[in-house]
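Visitor: I would like to go through this model and hear the grounds for each term you use. Where shall we begin?

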Amino acid sequence: MSEIALAAFAAETGSHLIWEPASAAFSRFSGSFDARSYARSLEEQGLRFVARSSGGYPELLRAIHDPPPGLFVRGGGADDLLHRTTVAIVGARASSSYGTHVARMLGRELAAAGLVVVSGMARGIDGEAHRGALEAGGPTVAVLGCGVDRDYPAAHAALARAIAETGLIVSEYAPGVEPAPWRFPARNRIIAGLAQATVVVEARERSGALITADLALDEGREVFAVPGEITSALSAGTNALLRLGATPVTSAADLLERFGLTPPAPIDPSADLDPTSLRVYEVLREAPATVDELVSSTGLDAADLGPALTMLDLAGLVTEGEGLYRGVRPPG
Amino acid sequence: MEVEAHLQLAETPSFAIVGLADRACQEAKERVRSGIKSAELDWPKHRVVVNLAPAGLKKEGSGFDLPIALTILAASAQIPARALARHAVFGELALDGRLRPVGGVLAVAEGAKRLGYESILCPAESSVEASLAGIDAIPLRHLVEAVAFLRGDSVPPPYVPQNGHKPLPDAPDLADVRGQERARRALELAAAGRHNLLLAGPPGIGKTMLARRLPGILPKLAGDEALEVTRIHSVAGVLRTHGHLIETPPFRAPHHSASTAAIVGGGPGPRPGEASLAHLGVLLLDEFPEFPRPVLEALRQPLEDGAITIARVSGHAVFPARFQLVATMNLCPCGGRADPGAECSCSAQQLARFRAKLSQALLDRFDLVVTVPRPRAPELAAAPGEPSSEVRCRVERARAGLQDGPPQRTPEANALLDRAVERLPLSGRGRARVTRVAATVAALAGAETVGADHLAEALSFRASRDFAT
């Protein structure tokens with residue numbers, strides 16, 4: 001159990017340690033460290049520690065060149081989640097409505113197909129990917145850049161609770177460690193390390209998500225990128241990845257195919273939809289549109305479109321962001 | 001309010017006003033003395049004490065000039081006191097004895113009527129406004145005229161406004177708006193159900209232009225409402241109708257640099273603020289998130305109760321403030337979001353701070369939330385929209401329909417509501433809001449009951465995830 005002492009020592013000294021340092025300070029610390037009472041206090045907080053040397057430690061993570069000494073784990077999900085086929089979905093925090101929509105859709109469809117979605121629980125793309133997975137009833141794994149007892153960012157406290165219910169929140173940092181800017185790139189290597197493949201949904205030219213993609217490439221993992229508008233700064237990073245040879249993602253099926261999975265057959269949405277809503281849905285499947293554009297393309301007036309859009313929203317067939325409505329593939 | 005004067009023989013003549021008079025009131029001394037002398041009347045060579053009763057209540061403003069002058073004249077037997085006692089009196093004196101109009105005449109005239117007076121002596125320019133109270137307003141131009149009238153020598157000629165009564169310009173028309181179908185629909189619903197409306201979207205797409213067109217589709221104020229609005233505007237001294245009734249719902253658009261007191265009212269002797277001036281009309285807060293937090297929080301009380309209570313050491317004032325709140329906002333601090341022609345350069349933190357400013361409690365006050373996207377070229381080339389007058393007809397019909405209380409929901413509508421509460425993040429307040437809007441949708445459609453379709457449309461106007469932190 002020397003890894004737990006190492007993690008506790010790192011937390012105590014505010015440093016980032018992968019291997020045991022040959023310092024006198026550490027020998028003193030580990031000499032007086034009571035691993036058993038530390039493990040007990042973790043247990044009291046509902047947390048556990050998966051050491052690098054234990055069998056529960058994910059093999060993929062062990063294979064990276066600087067694997068964390070262990071993972072602190074919180075949540076009701078089984079530890080074997082970390083051993084299942086895992087896909088990372090990462091991207092910008094200040095995402096556009098397009099990125100938000102795609103992240104949620106990918107999260108949902110990958111989880112529905114049985115993959116474990118891993119991300120960083122940050123605002124924007126990360127959070128949406130987790131939410132999408134939860135919507136599909138799939139467990140999801142959040143990797144934090146601070147102690148797992150901290151809900152960071154605070155605005156995602158409710159999301160953290162939802163993730164912890166069926167999935168896992170993990171971190172290499174001991175409980176009580178505060179988030180700090182330099183910890184996030186280190187956290188990104190765990191996201192990339194846990195996943196067979198990393199999908200970048202939306203990223204600026206110098207985004208943290210690109211660090212994750214680089215780390216994934218370094219470890220020989222596959223990197224996917226979602227194409228965006230070439231004029232949008234928010235897609236500059238992902239488009240640059242594509243130019244460098246990342247695999248474009250045009251639908252969740254592109255990813256599922258890579259894992260030998262077949263996407264579940266879509267449900268026929270016409271079953272419980274009224275004709276007006278169905279007509280609107282057909283138009284939105286072609287391209288996203290504003291209400292005004294729908295008025296001119298369907299000939300319906302705004303008073304008829306309101307109810308139709310609500311019914312499609314409730315059926316999970318349409319999402320709205322910034323006044324733009326997008327059709328969603330019927331959930332499988 | 002009663003004005004009494006006591007004249008006492010004394011070595012040195014003096015003049016004092018007692019009864020909690022403010023500065024403007026104390027200065028009445030000089031105006032009254034000059035006014036009486038200019039009117040070639042006698043200033044009593046006595047010790048003059050004027051008491052404004054009840055003495056415990058604060059008096060302010062220059063409207064007491066004429067009452068004080070006439071009381072002194074009556075006390076010095078220059079006019080018959082009995083004749084004076086029959087009339088209410090209000091007005092400011094100029095140094096040469098002319099009379100000047102004062103704000104708040106309507107409220108004074110109404111008070112006089114309540115006390116049983118049949119006529120009020122007031123400056124000629126204020127007489128039109130005073131007569132709105134249903135009291136006989138005697139229009140006076142000069143102190144001499146008042147004296148002649150009270151002595152029974154002559155009756156002042158009726159007041160003819162010199163520039164005539166110029167009607168206020170009409171509110172801008174909805175016909176000027178091309179496209180923006182969803183925002184137009186939201187405006188119509190807001191007008192019919194008196195709902196609070198939030199318009200969000202990139203800058204320069206006409207959010208303010210749309211909001212300014214709301215008063216034009218609101219029904220005209222009914223008799224009592226018009227009187228109430230006119231009274232508030234008169235008290236605040238911003239009446240621009242030359243003494244005529246305000247019949248169109250007021251529209252107020254304070255700038256976001258306005259102080260809390262300017263918006264909800266305040267000052268030592270509390271005065272109504274913009275929220276009260278917008279009573280029974282529209283209060284537009286352009287660039288809503290730019291308003292300081294205390295201002296926004298202060299608006300929560302009037303949004304709930306339709307009135308503003310301002311507490312002071314000497315008591316408290318309650319101003320009516322049942323306004324309809326219309327707010328506009330960008331989707332991010334730089335304004336680039338949702339604008340295909342611009343790029344949002346806001347960081348995640350900036351965005352989070354911006355959104356956090358709109359507390360859930362505040363967002364909850366908006367029944368209708370619309371994100372207005374930037375219109376593309378074909379819409380700008382579209383035919384002019386429906387004119388305001390036609391929309392107003394529908395709004396008036398819907399208002400009439402809503403008067404008999406909220407209509408019943410059909411079982412289908414209830415089932416949809418339950419489903420929505422389950423699927424969407426819909427708070428208790430949000431649920432109540434949706435049902436209110438649904439009732440308006442039904443009333444606009446002329447339906448007897450609230451159907452699932454009406455409820456579904458109401459649901460489409462709730463705040464989207466763009467507003468969540």
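Guide: This is a predicted model. In chain A, the axes of helix α5 (residues 97-112) and helix α6 (residues 125-135) come within 7 Å and cross at roughly 35 degrees.

Visitor: What makes the crossing of α5(A) and α6(A) right-handed or left-handed?

Guide: The crossing of α5(A) and α6(A) is right-handed. The term applies because the near helix is turned clockwise from the far one.

Visitor: Which residues make the contact?

Guide: On the α5(A) side they include Gly99(A), Ala103(A), Gly107(A) and Ala111(A). On the α6(A) side they include Ile125(A), Ala129(A), Gly132(A) and Ala133(A). By class, the contact has seven nonpolar, five polar and five charged residues.

Visitor: What makes β4(A), α6(A) and β5(A) a unit, and of which hand?

Guide: β4(A), α6(A) and β5(A) make a right-handed β-α-β unit. The hand follows from the path: with the strands pointing away from the viewer, the way from the first strand over the helix to the second runs clockwise. Strand β4 (residues 116-119) of chain A and β5(A) run parallel and are joined by three bridges. At least two bridges are needed for pairing, so the three between β4(A) and β5(A) qualify. Val118(A) stands opposite Val141(A) in β5(A).

Visitor: Turning to chain B, why are β1 and β2 called edge strands?

Guide: Three strands of chain B form an open sheet in the order β1-β3-β2, with mixed pairing. β1 (2-8) and β2 (14-18) each have a single partner strand, so one side of each is left without a neighbour in the sheet. Neighbouring strands of this sheet are turned by 15 degrees against each other on average, direction ignored.

Visitor: How do you know that β2(B) and β3(B) are paired?

Guide: Five bridges join β2(B) to strand β3 (residues 47-53) of chain B, and the two run parallel. Two would be enough for pairing. Ala16(B) stands opposite Val49(B) in β3(B). Helix α3 (residues 65-75) of chain B lies across β1 and β3, at about 40 degrees to β1(B).

Visitor: Why is strand β7(B) called largely enclosed?

Guide: Four of the five residues of β7(B), residues 119-123, are buried, so the rest of the structure largely encloses this strand. Strand β4 (residues 88-89) of chain B pairs with β7(B) in the parallel sense over two bridges. Ile120(B) in β7(B) is the bridge partner of Ala88(B). Five bridges join β7(B) to strand β8 (residues 136-140) of chain B, again parallel, with Leu121(B) opposite Ile138(B).

How values were computed: Residues are numbered from 1 along each chain as its sequence is written. Chains are lettered from A and ligands numbered from 1 in the order in which they are written. This is a predicted model: local features need pLDDT of at least 70, side-chain atom pairs count only at pLDDT 80 or more; totals for chains, interfaces and linings use all residues. Axes are lines fitted to C-alpha atoms, for helices over the stretch in contact, and angles run from 0 to 180 degrees between N-to-C directions. Two residues are in contact if their C-beta atoms, placed from the backbone, lie within 7 Å. Ala, Val, Leu, Ile, Met, Phe, Trp, Tyr, Cys and Pro count as nonpolar, Asp, Glu, Lys and Arg as charged, and the others, Gly among them, as polar. A residue is buried if 20 or more other C-beta atoms lie within 10 Å of its own, exposed if 12 or fewer, and partly exposed in between; C-beta atoms are placed from the backbone.
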